[in-house]
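The sequence and structure come first.

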Amino acid sequence: ACGYGYPYASVPQEALMKRVYKSKEEPELLRQYRLHNPEETWEHFRRRCRKGYKQVREAILRDQHGLCAYCEVGIKLAEEEGEVDDFRVEHFYPKNATQEHGHNYHLDWRNLLGVCHGGSQPYVPDPEWRYSSQKRDRSCDVPKGGREITNYILNPLKIPGKIRLFRYAEHSGRMYVDEDTCPKDLQGKARSTIRELNLNAPRLMRMRREVIHTLEDQISEELSKGRNLDEVLEMLATICLVPDYNGVTLPFFSVIRWYLGEAAEEVIRSSGVKL
């Protein structure tokens, strides 16, 4: 049932790429560290300024409403002994480009994104959903690595938030560029993003398919109660797309947005929150 809480609690929390609205002010401890150590690496900052790293992590999770910047997995932090966070800081422009470009990408706040482990870490919470032993099932920054491909993929900080870029196949969960809504000048990069970040990994396709089927069931259940379809779609769009009181957005934002159609677009347009 849809209810008025988490609408698909049994569904694995992964999905794909929404706009990230990053705070203009960088975390204070990162700013101070960068000013005093302008040529330091990210690894040194994380090791030497633990409070600063924690501050950065909290700011990233807040800005991204708890979602991976690439696949929209709901970031899940470790709760049990032996687990590790399904979270790490990704540098959109690779750190190894620092020397070549004369800019320290290591400590650039605008270059830091929060991502999941892309299916590569067996000790995250819910490993049965989040981990895969198959290399072809790895996604996000795992296939990206330190490659200089930033000119060929979409930057989550710069994509339009009010325009839907992707569509999905209901029967398979496969992700495609939506040629009807994605701006023409972004379609090449959008296709390259799917390919380079392996956003159609079997693991992700399976998870998206589960979300689509769950939404289908929720709509059918509400209609069986005599509700009007437009009312049901608006209700689901509000529940699924608007952040909760903790500022967290449900995973699979882009899949839900596509499936709920114009009802989702209206919620995004009218929301007081940057979605």
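## Helix α8 against helix α9

Helix α8 passes α9 in a right-handed crossing, where a crossing is right-handed if the near helix is turned clockwise from the far one by less than a right angle, and left-handed if anticlockwise. Helices (H or I, at least four residues) and strands (E, at least two) are DSSP runs, numbered from the N terminus. The model is predicted: local features need pLDDT of at least 70, side-chain atom pairs count only at pLDDT 80 or more, and totals for chains, interfaces and linings use all residues. Residues are numbered from 1 along each chain as its sequence is written, and side-chain values use heavy atoms, with hydrogens and water left out.

Helix α8 spans residues 202–224 and helix α9 residues 229–241; their axes come within 10 Å and cross at roughly 135°. Axes are lines fitted to C-alpha atoms, for helices over the stretch in contact, and angles run from 0 to 180 degrees between N-to-C directions. The two helices are therefore oblique to each other (angles under 35 degrees count as roughly parallel, over 145 as roughly antiparallel, 65 to 115 as roughly perpendicular and the rest as oblique). From α8, Gln-218, Ile-219, Glu-222 and Leu-223 meet Leu-229, Val-232, Leu-233, Met-235 and Leu-236 of α9, contact meaning heavy atoms within 4.5 Å. By class, this contact of α8 with α9 has seven nonpolar residues, one polar and one charged. Ala, Val, Leu, Ile, Met, Phe, Trp, Tyr, Cys and Pro count as nonpolar, Asp, Glu, Lys and Arg as charged, and the others, Gly among them, as polar.

## Helix α10 and its neighbours

Helices α9 and α10 have axes 10 Å apart and pack at an angle of about 170°, which makes α9 roughly antiparallel to α10. In α9, Leu-233, Leu-236, Ala-237, Cys-240 and Leu-241 meet Phe-253, Ile-256, Arg-257 and Leu-260 in α10. That contact has eight nonpolar residues, no polar and one charged.

The axes of α10 and helix α11 (residues 262–270) come within 5 Å, crossing at roughly 120°; α10 and α11 are therefore oblique to each other. Phe-253, Arg-257 and Leu-260 of α10 meet Glu-262, Ala-263, Ala-264, Glu-265 and Ile-268 of α11. The contact of α10 with α11 divides into five nonpolar, no polar and three charged residues.

## Cavities

On a 1 Å grid over the protein atoms alone, a cavity is a set of points where a 1.4 Å probe fits but cannot get out, and a pocket is an open set with protein on both sides within 12 Å along at least five of seven lines; lining residues have an atom within 4 Å of a point. Grid points are joined across faces, edges and corners, and a volume is the space filled by probe spheres set on the points.

The largest cavity holds about 110 Å³ of space. It is lined by 14 residues, with Met-17, Lys-18, Ile-163, Ser-254 and Arg-257 nearest its centre. Helix α10 (residues 253–260) gives the most to this lining, three residues. The classes are eight nonpolar, two polar and four charged.

## Largest pocket

The largest pocket has a volume of about 390 Å³. Of its 19 lining residues, Trp-42, Arg-46, Arg-88, Val-89 and Glu-90 are the closest to its centre. At least two residues of the lining come from each of α2 (42–48), α3 (50–63) and β1 (88–91). The lining has five nonpolar, four polar and 10 charged residues.
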